[in-house]
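Please look through the structure shown below, and keep it in view while reading the paragraphs that follow.

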Amino acid sequence: MRSKPTGLSDKASDVILVILSLFIAFLVAYPLYYILIASVSNPYDVYAGKTFLLPSGFTFNGYKAVFSDSNLFRGFFNSIKYTVIGTVFSVVIIYLTAYPLSVRNLPGRKLISIFFIITMYFGGGLIPTYLVVKNTGLINSIWALFLPGGVAVGNMIIVRNYFENSIPKELIEAAKIDGCSQWRTFARIVVPLSKPIMAVMVVYSMVAYWNDWFTSLIYLPGQEKAPLPLVLRNILIKSSVSATQASTISGGYAELNKMTEMIKFSSIIVAALPMLVIYPFVQKYFEKGMMAGAVKG
């Protein structure tokens with residue numbers, strides 16, 4: 001006599017999983033959606049809780065204030081330039097570092113790996129780093145944004161693990177038998193087969209360079225080379241005037257505080273939008289690359 005299966009049916013399990021996934025997606029997406037509707041709402045209505053799902057007191061004044069700054073578009077193009085250069089530089093350096101360390105018979109492999117790992121936990125700090133950058137003549141040079149942190153060790157370890165676990169060893173050995181050099185094997189076999197993890201590294205590097213404003217603040221004096229996040233920060237600072245200054249303006253401090261809050265929300269959307277537009281184009285590689293690169297070698 002066959003016993004009845006216990007537990008939920010496949011259909012019921014699917015329904016529960018779909019509901020759970022939608023709930024988690026809501027929790028993840030709602031904060032960004034809230035910032036979006038808050039950026040076109042009256043700040044007082046936002047703080048009063050009137051913008052839970054829809055804008056309240058619809059206005060584009062925050063975006064008008066942000067886009068009226070003459071430095072905004074220059075900062076936008078600076079950010080694009082720094083992000084493109086930095087991403088290419090970072091991914092190339094990561095690949096050139098990770099591939100040799102993925103070769104198990106590399107002399108001194110463990111010692112070199114330990115050397116890299118130490119840098120993840122110990123650093124000289126801001127002042128010694130600044131002095132190194134200054135003494136190497138990189139102040140006011142865009143290379144100060146890339147060279148000091150050129151190797152992201154955490155990302156390099158992920159790529160190394162991907163090479164060790166996802167690139168078939170038989171292909172590498174076959175290439176050696178056919179007389180391929182290490183460079184040719186790397187360029188013709190390793191790089192084409194590692195597109196998923198490359199997409200992950202591209203996303204990581206793009207987001208890091210796009211959002212980086214502090215490095216530019218330290219090493220790139222002046223407004224001409226300021227990236228978009230730094231320009232938006234300066235716009236927000238200029239809008240946060242003191243009560244004494246506000247008393248000379250119509251509406252007083254309350255009106256200027258209202259404008260500051262609108263600029264704050266609008267700046268977040270302006271800064272985040274380019275990355276949100278780019279991400280769907282590499283998302284299909286992202287999960288595969290992360291899962292394979294996270295396997296311990």
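How many residues does helix α10 have, and what distance does it reach from its first C-alpha to its last? In this predicted model, helix α10 covers residues 195-211, which gives it 17 residues, and its reach of 24 Å is close to the 24 Å expected at 1.5 Å a residue. Along the chain, Tyr204 and Asn155 are 49 residues apart, and yet their C-alpha atoms are separated by 8.4 Å.

We turn next to a pair of helices. Two packed helices are described by the angle between their axes and the distance between the axes. Helix α4, made of residues 72-102, packs with helix α12, made of residues 228-239, at an angle of about 150°, and the two axes are 7 Å apart. Since angles over 145 degrees count as roughly antiparallel, α4 is therefore roughly antiparallel to α12. On the side of α4 the contact is made by Leu72, Gly75, Phe76 and Ser79, while α12 contributes Leu228, Pro229, Val231, Leu232 and Ile235. When the residues of this contact are sorted by type, seven are nonpolar, two are polar and none is charged.

A pair of aromatic rings is described by the distance of the centres and the angle of the planes. For Tyr30 and Tyr34 the centres are 6.0 Å apart and the planes make an angle of 45°, and the pair is classed as tilted. Both residues belong to helix α1, residues 10-39, and because they are four residues apart there, about one helical turn separates Tyr30 from Tyr34. An α-helix has 3.6 residues a turn, so residues three or four places apart point the same way. Tyr30 counts as buried, with 16% relative accessibility, whereas Tyr34, at 25%, counts as partly exposed. The rings of Trp213 and Phe214 have their centres 5.8 Å apart with their planes at 90°, and so this pair is edge-to-face. Trp213 is partly exposed, with a relative accessible area of 32%, and Phe214 likewise counts as partly exposed, at 39%. Returning to the tyrosines, ring pairs link Tyr30 and Tyr34 with Phe26, Tyr33 and Phe52 into a cluster.

Two single residues complete the tour. Ser113 lies in helix α5, which covers residues 109-121, and Ser113 counts as buried because its relative accessibility is 12%, where the cut-off is under 20%. Leaving aside residues up to four places away in sequence, Ser113 touches Leu101 and Arg160. Phi of Asn140, however, is near 65°, a positive value in a residue other than glycine. Asn140 lies in the loop between α6, residues 126-135, and α7, residues 153-166, and Asn140 is partly exposed, with a relative accessible area of 34%.

Methods
Residues numbered from 1 in each chain as written. Predicted model: local features only at pLDDT ≥ 70, side-chain atom pairs only at ≥ 80, totals over all residues. Heavy atoms only, no water. Axes fitted to C-alpha atoms, helices over the stretch in contact; angles between N-to-C directions. Helix = DSSP H or I, 4+ residues; strand = E, 2+ residues; numbered from the N terminus. Parallel < 35°, antiparallel > 145°, perpendicular 65-115°, else oblique. Contact = heavy atoms within 4.5 Å. Nonpolar A, V, L, I, M, F, W, Y, C, P; charged D, E, K, R; others polar. Phe/Tyr/Trp six-rings, centres within 6.5 Å; stacked < 30°, edge-to-face > 60°. Buried < 20%, exposed > 50% of the residue type's maximum accessible area, 1.4 Å probe, protein only. Expected span 1.5 Å × (residues − 1).
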